[in-house]
Amino acid sequence: MKRMMTGLIAAGVLLAGATGAQAETRVTYKSAKAGTSYYQMGVELAEAMKAGTDGGVILTVEESQGSVQNVMEAAVRPGNYVFTTPPALVGAAQKGAGPFKDKGNPKFDEIRALFPIPSLTMHFVMRADAGVQSFADLEGKTILLGKGSFGANEGAKYVEMFGLKDKVKIADAELGNAASALKNRQIDGFVTAGSFPAPNVTEAAASTGISLVSMTEEQVAETKRTRLVIPAGTYAGVDTDTVTTSLPVVAYATTAMDDDTAYTLTKTFWTKKAEMGESAAWWKAVSPDLLSNVTGKLHPGALRYYEEAGVAVPDSLR
């Protein structure tokens, strides 16, 4: 009898351990390069998910080379893969267009949205003593665009659009080196896309001193992006408003993620969003209204949460 009781207790301990292991859901979150605002958002989101589920969801933040890579990996990653990207890239992937030309994959049709996150904000960051006040002043300067990210591609597009192709020198370096390269005078400026205040811009402002290039209304219109103003004082030494452009960003998964996990991720995000906004201002601008920017469909688990919460969901997302 004593042996039997010992065996039952041991079995109970093993069962409890197995149940605990099953209760923990591990999710990979792929967003952006280390040092960017989007990577920092991923860290904040991981902390919020862990706290909001009492450790039930563990979000592991993975560094990324950019949104195109994030979307490409959706075709081969297992179920618990969450990634961020501008919705337009999801549409391009599903059509085999743009950076996905000749790289079509039926798995792209399985991409589903969870929730919006802060929008991408274009920053043209210049060393304070570079004497750059407008895009025309970039002529003859050396700027770092980075590689593969939305910000790099968008920055290159603006350089050409505003008549600066072959008039500026593009530095061959990674965006992660931008602040130190600016401080060491290896470059005159860099381009980054991240919600403000962007950590790499904050670092450059503190260590070197910067100015931000502001767009004219005509330039904003030419980009066909959303106009956005970075308020004066957002970065040290930048005492005037900066007119720039922005692009919505959404956290996506695929239909390989089970509905309960998608539901938990979505519910926890919205439950913890206000608290995240107290420590990081960029979360405050996120609201359910941004669902109107989503391309494709919502994940069924996410849709379940929005319906329970009484959020108006466009029919196109169902």
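Predicted model: local features only at pLDDT ≥ 70, side-chain atom pairs only at ≥ 80, totals over all residues.
## What counts as buried

A residue counts as buried here when its relative accessible area is under 20%.

## The chain at a glance

The secondary structure comes to 10 helices and 11 strands. Of the 318 residues, 50% count as buried. The chain exposes about 14800 Å², and carbon and sulfur atoms supply 52% of that area. Take the contacts with a separation of 6 or more: residues 24 or more positions apart account for 75% of them.

The mean pLDDT of the chain is 90, with 93% of residues at 70 or more. Among the elements, helix H10 (residues 300–309) has the highest mean pLDDT, 98, while helix H1 (residues 2–23) has the lowest, 42. Over residues 1–22 the pLDDT is below 50, and this stretch has zero contacts in the model beyond near neighbours in sequence.

## Strand S10, covered on both sides

How many of the residues of strand S10 (residues 242–254) are buried? The count is 13 of 13, so the strand is largely enclosed by the rest of the structure. In a regular strand, side chains alternate between the two faces of the sheet. In S10 both faces are covered. One side has Thr242, Thr244, Ser246, Pro248, Val250, Tyr252 and Thr254, the other has Val243, Thr245, Leu247, Val249, Ala251 and Ala253, and all are buried.

S10 has antiparallel pairings to go with this. Strand S4 (residues 111–127) is joined to S10 by eight bridges, and in that strand's range proline 116 stands opposite valine 250 of S10. Strand S9 (residues 226–230) pairs with S10 over five bridges, also in the antiparallel sense; leucine 228 has threonine 244 as its bridge partner in S10.

## The nonpolar cores

The largest nonpolar core holds 79 residues, and the members that touch the most others are Phe115, Leu265, Phe269, Trp283 and Tyr306. S4 gives the most to this core, with nine residues. Apart from it lies another core, of 20 residues, among them Ala171, Ala179, Ala198 and Leu228.

Leaving aside neighbours within four places in sequence, phenylalanine 269 is in contact with Leu45, Met49, Phe115, Pro116, Met276, Trp283 and Val286.

## Two residues to look at

Threonine 268 is found in helix H9 (residues 259–279). Is threonine 268 buried or exposed? With a relative accessible area of 8%, threonine 268 is buried, because the cut-off is under 20%. The side chain of threonine 268 reaches the backbone oxygen of threonine 264 at 2.7 Å. Beyond neighbours within four places in sequence, threonine 268 is in contact with Ala48, Met49, Gly52 and Thr53.

Proline 314 has its place in the segment after H10. At 29% relative accessible area, proline 314 is partly exposed. Proline 314 and serine 292 are 22 residues apart in sequence, and their C-alpha atoms are 7.0 Å apart in space.

Conventions
Residues numbered from 1 in each chain as written. Heavy atoms only, no water. pLDDT = per-residue confidence, 0-100. Helix = DSSP H or I, 4+ residues; strand = E, 2+ residues; numbered from the N terminus. Contact = heavy atoms within 4.5 Å. Buried < 20%, exposed > 50% of the residue type's maximum accessible area, 1.4 Å probe, protein only. Polar contact = N/O pair within 3.5 Å; in protein donor to acceptor, adjacent residues only side chain to side chain. Pairing = 2+ DSSP bridges. Core = buried A, V, L, I, M, F, W, Y, C linked by side-chain atoms within 4.5 Å. Areas by Shrake-Rupley, 256 points an atom, 1.4 Å probe, with all protein chains shown as cover.
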